[in-house]
Amino acid sequence: MEMIKAVPAAGVRERFAAAAQAHTQSMYRAARSILDSDADAEDAVSEALLRAWQSFGRLKNDAALRAWLLKITVNCAKEQRRKGARVTYTDDLEPLAGSAEDRRYDGLWDAVLALPEDQRTAVVLFYYEDMTLSQIAAVLGVARERSSPG
């Protein structure tokens, strides 16, 4: 027997649409900090929005909405990376001049993208999304290390 999901009330749809519109750019930046292409990041955001919509009724605290959406996005991006995102064959690329060490960064975003993935995502969430270290730890699913003075 096929189960039919109840259609959410109009107010729920409007709240979700407003949340998606308000946070899509942040979600994209988080996904792009993990994935190597714009298209892969867009796919991860689309999947995250679908999953968020499916679970939106279970969200208890609207204050946690942004962090919740970013956590879903990070998980989708990591899952996509594990599955093997888009493949670029090096035979199809034009030869690059110089080595990786010789590369100049024309902008801050290029420098951020050159960081290792775990650092890159944390930097994006901290500097671009103004999240606290505790919020970042929760989104990334890691324990926040505390250092003692001295």
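## An exposed lysine and its network

Lysine 83 is exposed in this predicted model, with a relative accessible area of 66%, where exposed means over 50%, buried means under 20% and partly exposed covers the values in between (1.4 Å probe, protein chains only). Lysine 83 forms a salt bridge with glutamate 79, and their closest N and O atoms are 3.4 Å apart; a salt bridge here is a side-chain nitrogen of Lys or Arg within 4 Å of a carboxyl oxygen of Asp or Glu. These two residues are separated by about one helical turn, because they stand four residues apart in helix H3. Salt bridges that share partners join Glu47, Arg51, Glu79 and Lys83 into one network.

Glutamate 79, which is partly exposed at 23% relative accessible area, also pairs with arginine 51, with 2.9 Å between the closest N and O atoms. Since arginine 51 belongs to helix H2 and glutamate 79 to helix H3, this pair ties together parts that are 28 residues apart in sequence. Arginine 51 is likewise counted as partly exposed, at 26% relative accessibility.

## How the model should be read

Residues are numbered from 1 along each chain as its sequence is written, and side-chain values use heavy atoms, with hydrogens and water left out. Because this is a predicted model, local features need pLDDT of at least 70 and side-chain atom pairs count only at pLDDT 80 or more, whereas totals for chains, interfaces and linings use all residues.

The mean pLDDT (the predictor's confidence in each residue, from 0 to 100) of the protein chain is 78, and 75% of its residues reach 70 or more. Over residues 1-7 the pLDDT is below 50, and this stretch has two contacts beyond near neighbours in sequence, a contact being heavy atoms within 4.5 Å. Residues 92-103 also have pLDDT below 50, again with two contacts beyond near neighbours. Where pLDDT is low, the predicted coordinates should not be read in detail.

Of its 150 residues, 28% count as buried.

In soluble globular proteins, nonpolar side chains tend to be buried together.

In H6 the buried residues are Ile136, Ala137, Val139 and Leu140. They lie on the same side of H6, because they cover an arc of only 165° around the axis, the arc being that of the directions from the helix axis to the C-beta atoms. The buried residues of H6 pack against H3 and helix H5 (117-128).

The loop between H5 and H6 holds aspartate 130, which has a positive phi of about 55° although it is not a glycine. Aspartate 130 is exposed, with a relative accessible area of 64%, whereas glutamate 129 is buried, at 6%. Glutamate 129 forms a salt bridge with arginine 66, with the closest N and O atoms 3.5 Å apart. This pair links distant parts of the chain, since glutamate 129 is in the loop between H5 and H6 and arginine 66 in helix H3, 63 residues apart.
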